[in-house]
Structure formats: structure tokens, C-alpha cells
Amino acid sequence: MLPLLAKVLKVLNSEASPWQIGWAIALGLFVGILPFGLLTLLLVLLVCLLTINLTTFILVWGLTEGLMLLFAEPLEQLTWQYAQNDALLALLAKTETLQLLHLHHTLTLGAFVLGALLLLPVAWLSKVLVQQYRSRVMTSVEKWKLTQMLKASKLFALYEKLN
């Protein structure tokens, strides 16, 4: 738990731009809510091409993947209700690209739509929160005894060397 907290604090205190961290959180959320498949791999490829904080992306991806185990059933039920449109069903059944991306599955379709809707607001909100943290909280966090203990630990020193 402490190494995870150290990584989060290191990212927040790093020189990375707030947009890099914001997009890492938003894309990590997007990839995390999708069931694993070709669409997920394409988004991970996109992440590799962008300049975002990979540590944050992987952390958010893992946390979101775990949360989706709880929310998969309600999301699938909600998508199932809206996917009963005949035109949408015909489009999903006849388009090979959408089938290749597994968008004909209700869970994948619902997660994709939810991720696409949340992408920009989450990126923007994350950027604003990182800016607020850096301007208001960072100086006081540096004075906390827990932060000083983490920075004094051998594990943190090893982590610093690796980076």
C-alpha cells in the first residue's frame, strides 16, 4: 500500500503536465471499463503513441478493471434495453468492423459508449484537480510525517534510482 501511495505522490509532484496526468486517468478509465479484446488493444496502442503518464494509466486501468466486475451486470442490462432498436441491431449484425471490435456485444457496446461519454469530462476534471493539488496541497503534503517517512524509506530510494 505504501509503495502505491508513494507512486501516486511522485506522479502528482512530478514535472508531468496536468493534461498528461488527466489524459492518463481518462484513458485508464476508458480502457478499464472495456472487456478485454481488440478494442482494448487498439486503445492501449493509442496510449503508447501519446505522451501521457504511463504509471497513472496502468494504475487507473487496474483499479477500474476491478470495479467493472461489480458494475458489468447493470451496465449490460441498461445497454440491452437500448440495443433493442431494429436499426441498431441491423447495423451491428451486418458491419464486420463492429463485430471485429465486439461492439455487437451489449457489455462492450455499453462500456464503449460510457467510456466515450466520460473521456473528456474525466480528463478535464483530473487536470483541474491536479492543478488544485499542486497549487494548494502539495506544499503541506511535503511537510507530513508520512511523506517524509516514505521519502526516507529504502524502497522509495530504490524507486527513485529506477526512475
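Me: Before we start, what cut-off makes a residue exposed here?
Reply: Exposed means over 50% relative accessible area, buried means under 20%, and partly exposed is in between. Keep in mind that this is a predicted model.

Me: Thanks! Then where does Leu 120 fall, buried or exposed?
Reply: Leu 120 has 57% relative accessibility, so this leucine counts as exposed. Its place is in helix α7.

Me: How far is Leu 120 from Trp 23?
Reply: Their C-alpha atoms are separated by 8.5 Å, although the two residues are 97 apart along the chain.

Me: Okay, zooming out. How many helices and strands are there?
Reply: The protein chain has nine helices and zero strands. Read from the N terminus, the order is α-α-α-α-α-α-α-α-α.

Me: And what share of the chain is buried?
Reply: Of the 163 residues in the protein chain, 34% are buried. The accessible surface is about 10500 Å², and carbon and sulfur atoms account for 71% of that.

Me: Which residues does Thr 108 touch, neighbours within four places aside?
Reply: Thr 108 is in contact with Leu 34, Pro 35, Leu 101, His 102 and Leu 103.

Me: Nice. Now aromatics: how many pairs are there?
Reply: The structure holds three aromatic pairs. In one of them, Phe 57 and Trp 61 have ring centres 5.5 Å apart and planes at 45°, so that pair is tilted.

Me: Where do Phe 57 and Trp 61 sit?
Reply: Both are in helix α4, four residues apart, or about one turn of the helix. An α-helix has 3.6 residues a turn, so residues three or four places apart point the same way.

Me: What else is in α4? I was looking at Gln 77.
Reply: Gln 77 belongs to helix α4, which runs over residues 54-82. This glutamine is partly exposed, with a relative accessibility of 43%.

Me: Which helix gives the most to the nonpolar patch?
Reply: Helix α3 (residues 38-49) gives the most, with five residues. Leu 45 lies in α3, and at 49% relative accessibility that leucine counts as partly exposed.

Me: Last one, helix α2. What does its span look like?
Reply: Helix α2 covers residues 18-33, which makes 16 residues, and reaches 23 Å from its first C-alpha to its last. That is close to the 22 Å expected at 1.5 Å a residue.

Me: Which residues of α2 are buried?
Reply: The buried residues of α2 include Pro 18, Ile 21, Gly 22, Ala 24, Leu 27, Phe 30, Val 31 and Ile 33.

How values were computed:
Residues numbered from 1 in each chain as written. Predicted model: local features only at pLDDT ≥ 70, side-chain atom pairs only at ≥ 80, totals over all residues. Heavy atoms only, no water. Helix = DSSP H or I, 4+ residues; strand = E, 2+ residues; numbered from the N terminus. Buried < 20%, exposed > 50% of the residue type's maximum accessible area, 1.4 Å probe, protein only. Areas by Shrake-Rupley, 256 points an atom, 1.4 Å probe, with all protein chains shown as cover. Phe/Tyr/Trp six-rings, centres within 6.5 Å; stacked < 30°, edge-to-face > 60°. Expected span 1.5 Å × (residues − 1). Contact = heavy atoms within 4.5 Å.
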